Amino acid sequence: MSASLSASEITRLQSALRRLLGSPELTVNPAPRAGMSVELAVKGEVIGTVHRDDEDGDVSYAINMVVLEEDLPRA
């Protein structure tokens, strides 16, 4: 199911996400080591992971984003 992203895919995905989310400081970083997930970051801070799914020839990308409670504004 989940497959690695090529350098070309990472560049294309990063461009699309920057445009869609309106964040030029967003980066999609290659996996730090083999077997690890591609990382989604803003201003160098990792906020999630990106997974590629190639099922029946239909390629899609799923983002798992984490927001820590300590990063939320006070109630």
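K43 counts as exposed, at 65% relative accessibility, and the residue sits in the loop between β3 (38-42) and β4 (45-55). This is a predicted model, so every value here is computed from that prediction. The protein chain holds 1 helix and 5 strands, and along the sequence these elements follow the pattern β-α-β-β-β-β.

**K43 and its partner**

- The phi angle of K43 is near 50°, which is a positive value in a residue other than glycine.
- K43 also forms a salt bridge with E25, where the closest N and O atoms are 3.7 Å apart.
- E25 lies in the loop between α1 and β2 (26-29) while K43 lies in the loop between β3 and β4, so the pair ties together parts that are 18 residues apart in sequence.
- E25 counts as partly exposed, at 44% relative accessibility.

- You will find D56 in the loop between β4 and β5.
- D56 is exposed, and its relative accessible area is 72%.

**Salt bridges**

- Side chains of opposite charge can pair when their charged atoms come close.
- How many salt bridges does a search of the whole structure find? The search finds 3.
- One of them joins the side chains of E9 and R52, at 2.5 Å from N to O.
- This pair links distant parts of the chain, with E9 in helix α1 and R52 in strand β4, 43 residues apart.
- Are E9 and R52 buried or exposed? Both are buried.
- For R52, the relative accessible area is 15%; the cut-off for buried is under 20%, so R52 falls on the buried side.
- R52 forms a salt bridge with D54 as well, and the closest N and O atoms of that pair are 3.7 Å apart.
- D54 counts as partly exposed, at 39% relative accessibility.
- Together, E9, R52 and D54 are linked in a network of salt bridges.

**L17 in the helix**

- L17 has its place in helix α1 (residues 7-21).
- With 9% relative accessibility, L17 counts as buried.
- Which residues does L17 touch, not counting those up to four places away in sequence? They are G22, L26, V28, L40 and I63.
- L40 is 23 residues from L17 along the chain, and their C-alpha atoms are separated by 9.9 Å.

**Surface patches**

- I63, M65, V67 and L72 form a nonpolar patch on the surface, and together they have about 380 Å² of accessible area.
- Within this group, L72 has its place in the segment after β5 (58-65).
- E45, E69, E70 and D71 gather in a surface patch of negative charge.
- D71 is also found in the segment after β5, and at 48% relative accessibility it counts as partly exposed.

**The chain as a whole**

- Of the 75 residues in the protein chain, 21% count as buried.
- The C-alpha trace spans about 45 × 25 × 25 Å along its principal axes.
- The accessible surface of the protein chain comes to about 5700 Å², and 52% of this belongs to carbon and sulfur atoms.
- Among contacts between residues at least 6 apart in sequence, 23% join residues at least 24 apart.

How values were computed
Residues numbered from 1 in each chain as written. Predicted model: local features only at pLDDT ≥ 70, side-chain atom pairs only at ≥ 80, totals over all residues. Heavy atoms only, no water. Helix = DSSP H or I, 4+ residues; strand = E, 2+ residues; numbered from the N terminus. Buried < 20%, exposed > 50% of the residue type's maximum accessible area, 1.4 Å probe, protein only. Contact = heavy atoms within 4.5 Å. Areas by Shrake-Rupley, 256 points an atom, 1.4 Å probe, with all protein chains shown as cover. Patch = residues over 30% accessible without salt bridge, like charges linked within 9 Å, V, L, I, M, F, W, Y side chains within 5 Å. Salt bridge = Lys/Arg side-chain N within 4 Å of Asp/Glu carboxyl O. Lys, Arg positive; Asp, Glu negative; His and termini not counted. Charge placed at Lys NZ, Arg CZ, Asp CG, Glu CD.
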